[in-house]
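Good morning, colleagues. Please look at the sequence and the structure now being shown, and I shall take you through them in order.

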Amino acid sequence: MTATHQAPVTEAAASGTGPGPGGALLSAQGLRKTYGSTPALDGADFSIRAGEVVAVMGPSGSGKSTLLHCLAGIVPPDAGTVHYRDREVSAMSDSARSALRRTEFGFVFQFGQLVPELTCLENAALPLRLAGAGRKKAEATAREWLDRLEVDDVRHHRPGQLSGGQGQRVAIARALAGRPRVLFADEPTGALDSLNGERAMQLLTRAARDTDAAVVLVTHETRVAAYSDREVVVRDGRVKDHGSGV
Ligand SMILES: Nc1ncnc2c1ncn2[C@@H]1O[C@H](COP(=O)(O)OP(=O)(O)OP(=O)(O)O)[C@@H](O)[C@H]1O
């Protein structure tokens, strides 16, 4: 659906600054989402504060990725609400949700999804370039993040020339270079061996904490969830809060 006529510039540009329900940075209440006859979410609640790392765990098919997609404004829920600060994401137009994703959110998926034709430096600079930064400034910032993720030495390589661990760290640098307030990570270490997975998680959580970004971390691995402050478990489309993590 295109929403060109429904999205006043002010809506897309206005970034909520007040706290959301219960002081949360991002929260969801009573989310429902059905695909055909398959219920993916069935009354899911969630909330995360600035600087918090929350692991979303649960069996395969329980609704973890759907929850992440609804929270990030990628998929509109059938019912329920999502708030980012004091703005209701679930009530925004498509273009306002895209603007929110571009300016406030960062994403890391299981397979880095780097652009194969671009170098690592160009990949990491891409979100900044899309947000309007000039090439020099974007690449200077991107280099700082590649350095933090310990992959500055491969900045002139293309994704096809990297190991899995290097590629995922470039993807994390790209996601964080735009200084997102919320980082969504869906099985970010799912394609890595345990050593590379551990290192990627150490660097990801350290960088997120340094920038006070919230991290919604979908994982089925307990050793990955151990990097969180709190774990929740999704079961049959509902969320159970397990309190503090390790
Ligand atoms: N785009 C879609 N079209 C149809 N069904 C979908 C779609 N996305 C998810 N589903 C279904 O919704 C349910 C929840 O899927 P979801 O991907 O959210 O689970 P998950 O907990 O992330 O699973 P996994 O750990 O295996 O990735 C599953 O039954 C899945 O088959």
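Among contacts in the protein between residues at least 6 apart in sequence, 69% join residues at least 24 apart. Two residues are in contact here if their C-beta atoms, placed from the backbone, lie within 7 Å. This is a predicted model, in which local features need pLDDT of at least 70 and side-chain atom pairs count only at pLDDT 80 or more, while totals for chains, interfaces and linings use all residues. Residues are numbered from 1 along each chain as its sequence is written.

The protein has eight helices and 10 strands. Helices (H or I, at least four residues) and strands (E, at least two) are DSSP runs, numbered from the N terminus. Of the 246 residues, 45% count as buried. A residue is buried if 20 or more other C-beta atoms lie within 10 Å of its own, exposed if 12 or fewer, and partly exposed in between, with C-beta atoms placed from the backbone.

Let me turn to the sheet. Four strands form an open sheet in the order β2-β1-β4-β5, with antiparallel pairing. The edges are taken by β2 and β5 (87-88), each with a single partner strand, so one side of each is left without a neighbour in the sheet. Two strands are said to pair if DSSP finds at least two bridges between them. Strands of a sheet pair through backbone hydrogen bonds, either parallel or antiparallel.

How many bridges join β1 and β2? The two strands pair in the antiparallel sense over eight bridges. Lysine 33 stands opposite leucine 41 in β2. The hairpin of β1 and β2 has two residues between the strands, and glycine 36 takes a positive phi near 60 degrees there. With β4 (residues 79-84), β1 pairs in the antiparallel sense over five bridges. Alanine 28 has bridge partners in both directions: phenylalanine 46 in β2 and valine 82 in β4.

Glycine 30 lies in strand β1 (residues 26-35). Is glycine 30 buried or partly exposed? Glycine 30 is partly exposed, with 13 other C-beta atoms within 10 Å. Leaving aside residues up to four places away in sequence, glycine 30 touches Gly43, Asp45, Ala79 and Gly80. Glycine 30 and glycine 43 are 13 residues apart in sequence, yet 4.1 Å apart in space, C-alpha to C-alpha.

Most residues other than glycine have a negative phi, and most peptide bonds are trans. Arginine 85, in the loop between β4 and β5, has a positive phi of about 50 degrees although it is not a glycine. Arginine 85 is partly exposed, with 19 other C-beta atoms within 10 Å. Arginine 179 also has a positive phi of about 50 degrees, and its place is in the loop between α6 and β7 (182-186). Arginine 179 is partly exposed, with 15 other C-beta atoms within 10 Å.

I come next to the interior. In soluble globular proteins, nonpolar side chains tend to be buried together. A nonpolar core is a set of buried Ala, Val, Leu, Ile, Met, Phe, Trp, Tyr and Cys residues joined through C-beta atoms within 7 Å. Of the 70 residues in the largest such core, Val56 and Val216 touch the most other members. Helix α6 (residues 164-177) gives the largest share of this core, seven residues. Not counting residues up to four places away in sequence, valine 56 touches Lys64, Leu67, Leu68, Val216, Leu217, Val218, Val232 and Val234.

In helix α3 (residues 94-104), the residues Ala96, Arg97, Ala99, Leu100 and Glu104 are buried. They cover an arc of only 160 degrees around the axis, which puts them on the same side of α3. That arc is taken from the directions from the helix axis to the C-beta atoms.

Finally, the ligand. Which residues surround the ligand? They are Tyr35, Thr38, Ala40, Gly58, Ser60, Gly61, Ser62, Gly63, Lys64, Ser65, Thr66 and His220, a residue being near a molecule if its C-beta atom, placed from the backbone, lies within 6 Å of it. The elements that give two or more residues to this shell are β2 (38-48) and α2 (64-71). The largest share, three residues, comes from α2.
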